Amino acid sequence: MLSVPEAFAQILRTVQPATPRSCSLFEATHGVLAEDAVSDVNIPPFDKALMDGFAVRSSDVPDGTGTLQIQEVIYAGSVPTRSLEAGQTSQIMTGAPLPEGADAVVQIEHCQINEAEQTVQIKTTPVAPGKNMLYRASVLEQGATVVKAGTFLRAQEIGALAETGSPQISVRRTPSVAILATGDELVPPEQKPEAGQIRNSNEVMLHSQILQADARPVPLGIARDVRSHLREKIQEGLKSDFLLLSGGVSAGELDLVPSELAAAGVKQVFHKVNLKPGKPLWFGILEQEGRAPCYIFGLPGNPVSSMVCFELFVRSALRQYLGFPDPMPQPVSARLTADFQSRGDRPTYQPARIDWSEGEATVTPLQSMGSADLHATVAANGIALFATGNQLYQSGLPIDTFLW
Ligand SMILES: Nc1nc2c(c(=O)[nH]1)N[C@H]1C(S)=C(S)[C@@H](COP(=O)(O)OP(=O)(O)OC[C@H]3O[C@@H](n4cnc5c(N)ncnc54)[C@H](O)[C@@H]3O)O[C@H]1N2
Ligand code: MOO
């Protein structure tokens, strides 16, 4: 059976980053930048006042006092016409360019203007070069990288791109992800289950996980364990960029998913991974003439297996599709708060509570009845990884955890 690292490697080898599209900054939120963006200007573009007041030569008022001759008033958006010689100053507004010779600004509250003599008396704390101003290009130089390819675009990146001359950018947009729950035992959440039935909790849970992964869910409802119905629903799902099926992938007589996917032309990449929960995980690709491939995951029906497989494998595939440089889940090392006895013939991903105290992460594995016990995940904010075998992990030992 495939190991977890081998499964990751096969997913990352199979899923190709989406073709980038050009879009305006108004459409770019939650996309991922496809090419490095460089600045076409210096930031700030000129030595810039950060206060309303007087532009000065700091050497004229090193101790913060002195009387200076006013040359002109410089507003934001205008250009100074006079440079400052010794003993001279110009009144300046926040955001305006400093005149040549000036290297500091004294704020207006510390200045007394004599209109008749066109002088200003300054009384403030010592003035060093750079006070209340930003030097040209001190934030960013023209030609420097503003946002790197592979960056998820939030409000601040979008603002920085606007400031530096990238109104139109090349972006990978979030994929559509179809969800298809399978099983004759399932009823919708709004229905009270009758004998032998359970509610379809995986569809809405996956919907929420897809949204949390910043992708676009396309819920398709329930496919019954009847080939014709499943076939029809699979065809609908294959129109999305990804298709997630829940249930029907293990060894049961009505586990029709792998054979129906094969009949639809989907090529299996792997079936079954050595982890707990999630062993029956299925992954494949549909290559299509003239359009992008569809990537298909058959997630085990047990709710915790479905959730864990999404967080580990589907999320990594979505990150790879979006062009993130590090698509794999990032482990957080945390110390066990109590002894933990691991059991089992597979690496185990145990629902866990991860906390931070005094700057260090701690982890408390939660009691769980296994892959059908969704309630253990409600109290959890992540998963703790334990290697195969029966082993006593002592309190205080650092182990790998993954937040969700
Ligand atoms: N003989 C074997 N039996 C099983 C094996 C095996 O290797 N050999 N693997 C076990 C493991 S591990 C898992 S996990 C499950 C996964 O089975 P399937 O993916 O085929 O899923 P189902 O049998 O359809 O369902 C399993 C379980 O989950 C419930 N379920 C299904 N869909 C939903 C849903 N949308 N919402 C909530 N719950 C759902 C379903 O009722 C079952 O109780 O197989 C083991 N068996
Ligand atoms: O993958 Mo299953 O949930 O391990 O029992």
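Student: In which sense do β2 and β13 pair, and over how many bridges?
Tutor: This is a predicted model. Within it, V32 has R172 in β13 as its bridge partner. The pairing of β2 with β13 is antiparallel, and the number of bridges is 2.

Student: Which residue in β13 stands opposite C23?
Tutor: β1 also pairs with β13 (residues 168-172), in the antiparallel sense and over 4 bridges. Opposite C23 in that strand stands I169.

Student: Is E27 buried, partly exposed or exposed?
Tutor: E27 sits in the loop between β1 (21-24) and β2 (32-33). Its C-alpha atom is 9.6 Å from that of Q168, although 141 residues separate the two along the chain. A residue needs 20 or more other C-beta atoms within 10 Å to be buried, and 12 or fewer make it exposed. E27 has 13 such neighbours inside 10 Å, so it counts as partly exposed.

Student: How far apart are the end C-alpha atoms of α6, and what span should its 20 residues have?
Tutor: At 1.5 Å a residue, the 20 residues should span 28 Å. The helix also bends, by about 40 degrees at F310.

Student: How many of the residues of α6 are buried?
Tutor: The helix is mostly covered. It is followed by G323, which has a positive phi near 85 degrees. Of the 20 residues in α6, the number buried is 20.

Student: Which helix gives the most to the shell around ligand 1?
Tutor: The ligand is surrounded by 27 residues, of which N202, G247, S250, P300 and G301 are the closest. α3 (201-212) and α6 each supply at least two residues of this shell. The one that gives the most, with 3 residues, is α3.

Student: What is the omega of the cis peptide bond that joins K276 and P277?
Tutor: Most peptide bonds are trans. Another cis bond joins I43 and P44, with omega about -10 degrees; P44 is in the loop between β3 (37-38) and β4 (48-49). P277 is in the loop between β19 and β20. For the bond between K276 and P277, omega is about -5 degrees.

Student: Is E358 buried or exposed?
Tutor: E358 lies in the loop between β24 (348-357) and β25 (360-365). It is not a glycine, yet its phi is positive, about 50 degrees. It has 5 C-beta neighbours inside 10 Å, so E358 counts as exposed.

Terms used: Residues are numbered from 1 along each chain as its sequence is written. Chains are lettered from A and ligands numbered from 1 in the order in which they are written. This is a predicted model: local features need pLDDT of at least 70, side-chain atom pairs count only at pLDDT 80 or more; totals for chains, interfaces and linings use all residues. The expected span of a helix is 1.5 Å times one less than its number of residues. The bend at a residue is the angle between axes fitted to the seven residues ending there and the seven starting there. A residue is near a molecule or strand if its C-beta atom, placed from the backbone, lies within 6 Å of it. Two strands pair if DSSP finds at least two bridges between them.
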